[in-house]
Amino acid sequence: MSKSNSFDFNQNRLSLISDAFVQAGILRPEESPKSNEGNFAARTLNRMLKAFQADGLHLFAQRNATVFMERDKTQYKLGPSGDNATESFSSTAIRIAAVSTNTAIEVDTTVGMTASDYIGIEIDDGTMHWTTIASVTDSDTVVLTAGVDGLVSVNNVVYWYTNKIQRPLNIIHSSYHFNGNDTRMYEIAKSEYLNLSDKNTETHPTEYYFDKQLTNAELNVFGEPNNVTGYIKISAQFPFDDMDSATDTLAFPSEWIECIHLGLSYRLATAYRPKDPKTIILKSDSEQALERVKGFDEERSDINIQPSRQWLRE
């Protein structure tokens, strides 16, 4: 028996829309949607995918990210125009000491650095100087867009990364990483955070309040670390990619394709043939498909139930 040994089936926006029109009984398989019909279906598809984001904690949309700390700061904006936070970063150390305004910085290695990357350099006064990379001269020299704003000693830490994170929809887990150790941070309610008497206490961050907002979410932390080489590690739910082009493929695991196909088919049927008995069948089929895939897309582990930390306080 011959097998394909292929496991990468997916669909792009055009094929999803064409199949949905056929499934809804609006077009025949040999027909193609007109331009205005395709545009309407594309908007409908994107609206549906955005609505799926509110259904729960999709495992495939959860990714890890790092939020870099700053001195005397308790609120961090997370998003494409926010503070320094990324899904992937690298680090090195200062090889030769630098003084204020220096732009050519000697580091242990520049491997992986590219022009326009974000770069942070630990300053001796306990702050982190963030700028971008203007150019990479050689294997141990990087040129900054803006010169450092203080003394920089040998072995001071250097972080760099390429892309800022998209706005997280939810933070699932958070911890403070310092000196090779992770300390769990606990999420608290907005009212509880606002009632904290001294949010600027110099200590490792222990609690946070997450505010989704719009372009950039806000991570409000309790505790200001006195060492900016530490950072916050988060596991977060991120938004699904938009399907802007006809050739864009779904950023979903393959088990979601049927659910998305039936969901779009039902929505098109309600717009074009709301009184057709098949529309009721599509509604039932799409709801069952969504429940089935949501049940599959969940963690398989034991549940540990305990009182919320806030109720354990004296």
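**Strand pairing and cores**

Tutor: Ala-104 has Val-143 in strand E8 as its bridge partner. The model is a predicted one. The two strands concerned are E5, residues 104-106, and E8, residues 141-144, which pair in the antiparallel sense over 3 bridges. Val-143 of E8 also stands opposite Ser-135. A further pairing of E8 is with strand E7, residues 128-138, again in the antiparallel sense, over 4 bridges. Between E7 and E8 the chain runs through a hairpin of 2 residues. E8 therefore pairs with E5 by the definition of at least two bridges, and E7 meets that cut-off with E8 as well.

Now the packing. The largest nonpolar core holds 31 residues, and those touching the most other members are Leu-45, Leu-49, Phe-52, Leu-250, Trp-256 and Ile-260. Two or more residues of this core come from each of helix H1 (13-23), helix H2 (35-52), helix H4 (257-272) and helix H5 (277-296). H4 gives the most, with 8 residues.

Beyond its neighbours within four places in sequence, Leu-250 is in contact with Asn-10, Gln-11, Leu-16, Leu-49, Met-243, Ile-257 and Ile-260. Of these, Leu-49 and Ile-260 are also among the core residues that touch the most other members.

Key: Residues numbered from 1 in each chain as written. Predicted model: local features only at pLDDT ≥ 70, side-chain atom pairs only at ≥ 80, totals over all residues. Heavy atoms only, no water. Core = buried A, V, L, I, M, F, W, Y, C linked by side-chain atoms within 4.5 Å. Buried < 20%, exposed > 50% of the residue type's maximum accessible area, 1.4 Å probe, protein only. Contact = heavy atoms within 4.5 Å.
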